[in-house]
There are 2 protein chains.
Amino acid sequence: MKRINAGLIGFGNVGSGIIKILRDRKALLSEKTGLEISIKKVCDQDIVSKRNVSLDKAMLTRDARALINDPQIDILIELIGGIHPAKEFIIEALRKGKHVVTANKALLALHGQELFTEAADRGKSIYFEASVGAGIPIIKSLREGLVANRFNGILGIVNGTSNYILSSMSKNNCSFQEALKAARIKGFAEKDPTLDIEGMDSAHKLILLTYLAFGRFVELKDVFIEGISRISLADVNYAKEMGFEIKLLAIAKKEGSDLEIRVHPTLIPQDHLLSSVDGVFNAIYVSSDLAGNLLFYGPGAGQLSAASAVVSDLVDLTQDIKAGFFRPTLKIVADKTVKKIRKIDDFESRYYIRFMARDLSGVLARISGVLAKFGISIASVTQKERSKTQLVPIVMLIHEAREKNMREALSIIDRLEAIKEKSVAIRMEEA
Amino acid sequence: MKRINAGLIGFGNVGSGIIKILRDRKALLSEKTGLEISIKKVCDQDIVSKRNVSLDKAMLTRDARALINDPQIDILIELIGGIHPAKEFIIEALRKGKHVVTANKALLALHGQELFTEAADRGKSIYFEASVGAGIPIIKSLREGLVANRFNGILGIVNGTSNYILSSMSKNNCSFQEALKAARIKGFAEKDPTLDIEGMDSAHKLILLTYLAFGRFVELKDVFIEGISRISLADVNYAKEMGFEIKLLAIAKKEGSDLEIRVHPTLIPQDHLLSSVDGVFNAIYVSSDLAGNLLFYGPGAGQLSAASAVVSDLVDLTQDIKAGFFRPTLKIVADKTVKKIRKIDDFESRYYIRFMARDLSGVLARISGVLAKFGISIASVTQKERSKTQLVPIVMLIHEAREKNMREALSIIDRLEAIKEKSVAIRMEEA
């Protein structure tokens, strides 16, 4: 039986998971592929520490070139993360005639265009199923299962840490800080959780989803990113009272011939499936023109879950290698109906707004006056109970409004004498 | 550019959708596949009626053999449904060296073993993505995306008609008959809805999902099937008060080394994602050992949705044809940890039970006595308000109990003097 050899760079959690799966499911995978998939060499800075799989010492190396230059290795699996030297390793491997499997969303989001072009020029493929939603086969579904579709939009809960925090706040009535602490204790948040809670990780994944759905690599600077660290328990609860949950959404949406690309906390109605996605789970809601509105849901992280995705990539690659050609559906075609990426100022959205006002008669009139001046129309107003601090929360839901108008209106309102705190504005999605 | 020719048997709703997609997305699909996919001939009994796509008359025929015997046709698309002559057409096409794409779940459920064997013997493939969940790429996901996984269970809402009826009853507080009538008016139920509401359509799809997840073709006689026609509004409402929705579930579940295969109305907790699947939507909840618990959700029917799935099969096949081999992941491997299909008597499940009793003191004691004799343990009891008919509904939730015991206990209870109607028993799932 023909053997396909892979080399693994990054012998961490997911890496050991892959070795374990290829070992435990060897017979199953051979029967399904008609080939033997084998890890020939493993590279890591640390080749001493014990992992939960044992490995022949001769397979271990600290030198990535020992893999990259090994002509018997057909596939490089890159799991070290970060930009450098992951990027260089991948480029060198492609140049040496290897295919690549990676879970490195940051690298692909920032340098995907260059890397995919390099791969195509060399007649090789880069597979990356594990980079979004771990074991959820979202990339394969967008690329192959929905191959004939055009997409209207994608709404994704793609960061487990943020979703864990927001659903804890909602379910356990606790503050952001308490929820973050709980996430840390459970191992769902890193020591420095900035990338997760400030939306950067979601933005990286969104760039990949946008590439798959709309056929273009958006630059990070064109992605509007707002994290969840300023979401207060009060807003979570007010939203809930009105029938909404707050989720960190990664959104790529066609508006006419524009594309809006944004990551931000979002109020979604409680009867939308995305609002029921709790804890560290991920879900991607896909609006397609033929297959309709679809949801793909599952654990967004985890050793075996991510490894499951990498192994499915390996299996696909064994067949590409056997056939000697690219998988066609790897070819991403630009949606030509998309003319430009919309600037943040031109976004249109519904809004949840909370003002903290001194209980002065007339403050509502003044606020509505400013909003009206900017053509912003109010859908509902609730004046909440007076708090101990003498400030009264006024919560408004706003009809579709232009981002720029909203921002200017709020900056004027925030300077009103009756307004005592910076107002809170959270976008809403109903789709 | 090389052209792949397909022949289409069945020029109905989905058939015209396919022609429309292949036409409208011609450039897109050529760019993605590197090939041209073309429908060369279309066969239907009715070649006169207008469809919503126009077709050169020379392409139309009443004679299926005109397609099957055409050596220039590489792929047969079978969309006539039913067992005969669909089965014969498929077998003949395979023998003539054609690949097959079909949406015919009934045929595959009943004769899949024979058809897949015939295909394998001829070195050809049968693709069937449209047969379960229309455009939801569930078959590709189970077969390719989750290629390395073993499965613990699948819970599916796979019949849109039944789900529309059950969610109407729950949301609009209407009877089964009223909901069915509404479904008919909206075109969501056929004139004779028996196959849908009595669970047979779900059973067919379940056999296919079981094949994909556990690698074996279960015979229809081994599938326990109970439909929704006896579900009363009272039970929908009592269930809701206790935090459950009633859904028609198709279940394939491993219990030790047994496999349970069943279709029946089921109480599921309101916080389970499946309980939020409303209307004609479908959803398949997959419990896998590596990728964890996943949900695939989307429209379960519709012209373009089903056609989207057929076109994705066509695209996959173009590459099989180009490469000249089977797609490996088409090879379904039996899960050897499954030893047998469990008999219905041995099923274990939690139950919702409703008795209609005369308000006699002592009736509860008698019921609990019978249940206790069969080792059936009660989780909760609610005695509902006395109705106008003098009968009191007693609703019980039952801990895990063996089907056989439950059935015997109920037949004894139903003969008690105080019990005035046949008791209602609905299974529960929490997974």
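Two residues count as in contact here if their C-beta atoms, placed from the backbone, lie within 7 Å. With that in hand, let's walk through this predicted model, starting where its two chains meet.

By that rule, 49 residues of chain B are in contact with 49 residues of chain A. On the chain B side, the elements that give two or more residues are the helices α2 (26-33), α6 (138-145) and α12 (303-323), together with the strand β12 (292-299). Of these, α12(B) gives the most, with eleven residues. Sorted by class, the side of chain B that touches chain A has 24 nonpolar, 16 polar and nine charged residues.

Two packed helices are described by the angle between their axes and the distance between the axes. For helix α1 (residues 13-24) of chain A and helix α12 (residues 303-323) of chain A, the axes come within 8 Å and cross at roughly 60 degrees, which makes α1(A) oblique to α12(A). The crossing of α1(A) past α12(A) is right-handed. On the α1(A) side, the residues that meet α12(A) are Asn13(A), Val14(A), Gly17(A), Ile18(A), Ile21(A) and Leu22(A); their partners in α12(A) are Gln303(A), Leu304(A), Ala306(A), Ala307(A), Val310(A) and Val311(A). By class, this contact has nine nonpolar, three polar and no charged residues.

Keep an eye on Val310. The largest nonpolar core has 284 residues, and among them Val310(A) and Val310(B) touch the most other members. Leaving aside residues up to four places away in sequence, Val310(B) touches Val14(B), Ile18(B), Ile77(B), Val101(B), Ala103(B) and Ala130(B).

Methods
Residues numbered from 1 in each chain as written. Chains lettered and ligands numbered in written order. Predicted model: local features only at pLDDT ≥ 70, side-chain atom pairs only at ≥ 80, totals over all residues. Axes fitted to C-alpha atoms, helices over the stretch in contact; angles between N-to-C directions. Helix = DSSP H or I, 4+ residues; strand = E, 2+ residues; numbered from the N terminus. Parallel < 35°, antiparallel > 145°, perpendicular 65-115°, else oblique. Left-handed = near helix turned anticlockwise from the far one by under 90°. Nonpolar A, V, L, I, M, F, W, Y, C, P; charged D, E, K, R; others polar. Core = buried A, V, L, I, M, F, W, Y, C linked by C-beta atoms within 7 Å. Buried ≥ 20, exposed ≤ 12 C-beta atoms within 10 Å, placed from the backbone.
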